[in-house]
Amino acid sequence: MHEDGSAAFEVPARTPVYFQAIDAKGHVVQTMRSWPTLQPGETFNCVGCHEDKNEAPPIGKMSMAMKAGIKKLEPFYDISGQRFGFPKIIQPIFNAKCVSCHKDANGIDLQATKVWSQKEKKNWNQAYLSLVLNHTKSKTANDINSKHINWLSSQSQPSVIPAYTAGSSKSGLLTMLEKGHRGVTMTREEMDKLAAWIDLVVNHRPDLLDIRLKLSFRNTGHLLANAAELLGLTTPGDTPA
Ligand code: HEC
Ligand code: HEC
């Protein structure tokens, strides 16, 4: 984003795009909770929805983004184009930096141990449950708090909500790691990935299709299981016994 607040960039066609304003620390400021999906060649403007419908943008000075030209999206470390799931992207950070101390079931267990939920018919990583379980909605219902993490609620009010209402910047876990925790050194990449996970609203699976395929192949046998594997939709060792 340029100094005058403008931005112009190219996005992949026929792909839902999620807009999130991020600060210098990689923490979310605000999120657009609905998403556009553009067709090839289509252009799209923020002006028109984010102002009064009877107002036109001021004529005259060109924005810095228009002068600089349309940019390509920059890759996000080694995971651009991949589906963002907890077991593949977040768990390795905990394995490398946390489990040497956090493998005690009485404290905070951050291990990759699979925990099968009969109710949800899926496996969860123990580390995920340790951080996300036992959460409550805030008074405004815009954000959700567990003891260590805060994230945007899917039930948040539809009107615009103030900057820094929810997410990584309000998550005690990140503040604790930034300040320094038991001599652990975190890289910028690890911190950015943790923030991205929280700001994508603490997902476990990379996508819903994955869950649905899993559910159906529990009923219809190997055919769909093979299809899921061919499509790369399963994580090794992730399939319930
Ligand atoms: C050298 C050992 C050590 C390492 C490495 C370590 N921790 Fe801790 N951590 C502790 C101890 C000790 C406590 C306090 C006792 C407890 O709550 O388990 C603690 C507490 C915590 C708490 C609870 C804080 C609170 O106030 O309730 C969280 C969350 C946490 N650690 C997360 C992490 C994460 C995430 C990592 C890796 C990025 C990590 N820790 C790495 C030793 C460690
Ligand atoms: C089709 C209409 C439309 C367009 C075009 C649009 N937005 Fe939005 N935007 C909305 C609506 C409605 C909301 C409030 C509900 C929501 O979050 O989806 C919103 C919310 C947001 C928010 C979050 C504000 C909050 O609630 O905290 C941001 C940030 C945002 N938009 C950025 C953008 C950007 C950047 C663009 C252009 C690239 C854009 N929007 C284009 C309709 C639009």
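**Strands, helices and ligand shells**

Author: Let me start with one pair of residues: A21 stands opposite Q30, which belongs to β2. β1 and β2 pair in the antiparallel sense over 3 bridges, where pairing requires that DSSP finds at least two bridges between the strands. Strands here are DSSP runs of E with at least two residues, and helices are runs of H or I with at least four, numbered from the N terminus.

Reader: What sits in the hairpin of β1 and β2?

Author: There are 5 residues between the strands of that hairpin, and G26 among them takes a positive phi near 85°.

Reader: Before going on, what kind of model is this, and how are things numbered?

Author: This is a predicted model, in which local features need pLDDT of at least 70, side-chain atom pairs count only at pLDDT 80 or more, and totals for chains, interfaces and linings use all residues. Residues are numbered from 1 along each chain as its sequence is written, while chains are lettered from A and ligands numbered from 1 in the order in which they are written.

Reader: What does the chain average in pLDDT, and where does pLDDT stay under 50?

Author: The average is 86, and 86% of the residues score at least 70, on a scale that gives the predictor's confidence in each residue from 0 to 100. Over residues 235–241 pLDDT stays under 50, and for that stretch the model has 7 contacts beyond four places in sequence; a contact means that two C-beta atoms, placed from the backbone, lie within 7 Å. Where pLDDT is low, the predicted coordinates should not be read in detail.

Reader: How many helices and strands are in the chain?

Author: The chain has 7 helices and 7 strands, and along the sequence they follow the pattern β-β-α-α-β-β-α-β-β-β-α-α-α-α.

Reader: And which strands form the open sheet?

Author: The open sheet has 3 strands in the order β5-β6-β7, with antiparallel pairing. β5 (136–137) and β7 (150–152) stand at the edges with a single partner strand each, so one side of each is left without a neighbour in the sheet. Between β5 and β6 (residues 143–145) there are 2 bridges, and K137 has I144 of β6 as its bridge partner.

Reader: What about β3 and β4, how do they pair?

Author: β3 (residues 114–117) and β4 (residues 122–125) pair in the antiparallel sense over 4 bridges, and S117 stands opposite K122 of β4. In their hairpin, with 4 residues between the strands, K121 takes a positive phi near 55°, and K121 is a residue other than glycine.

Reader: Is K121 buried or exposed?

Author: K121 is exposed, with 12 other C-beta atoms within 10 Å. The cut-offs are 20 or more such atoms within 10 Å for buried, 12 or fewer for exposed, and partly exposed in between, with C-beta atoms placed from the backbone. Y77 has a positive phi too, of about 50°, although it is not a glycine; Y77 lies in the loop between α1 (64–68) and α2 and is exposed. Most residues other than glycine have a negative phi, and most peptide bonds are trans.

Reader: Switching to helices, which residues of α5 are buried?

Author: The buried residues of α5 are K193, L194, A195, A196, W197, I198 and D199, and what covers them includes β1 (20–22), β2 (28–31), α2 (86–97), β7 and α4 (172–179). Helix α5 itself covers residues 188–199 and reaches 16 Å from its first C-alpha to its last, close to the 16 Å expected at 1.5 Å a residue, the expected span being 1.5 Å times one less than the number of residues.

Reader: Last topic: which residues come nearest to ligand 2, and which are closest to ligand 1?

Author: Of the 13 residues around ligand 2, M32, R33, S34, C46 and C49 come nearest, whereas 15 residues surround ligand 1, with K97, C98, C101, G107 and R182 the closest. A residue counts as near if its C-beta atom, placed from the backbone, lies within 6 Å of the molecule.

Reader: What is A8 in contact with?

Author: Leaving aside neighbours within four places in sequence, A8 is in contact with A65, M66, I70 and K71.
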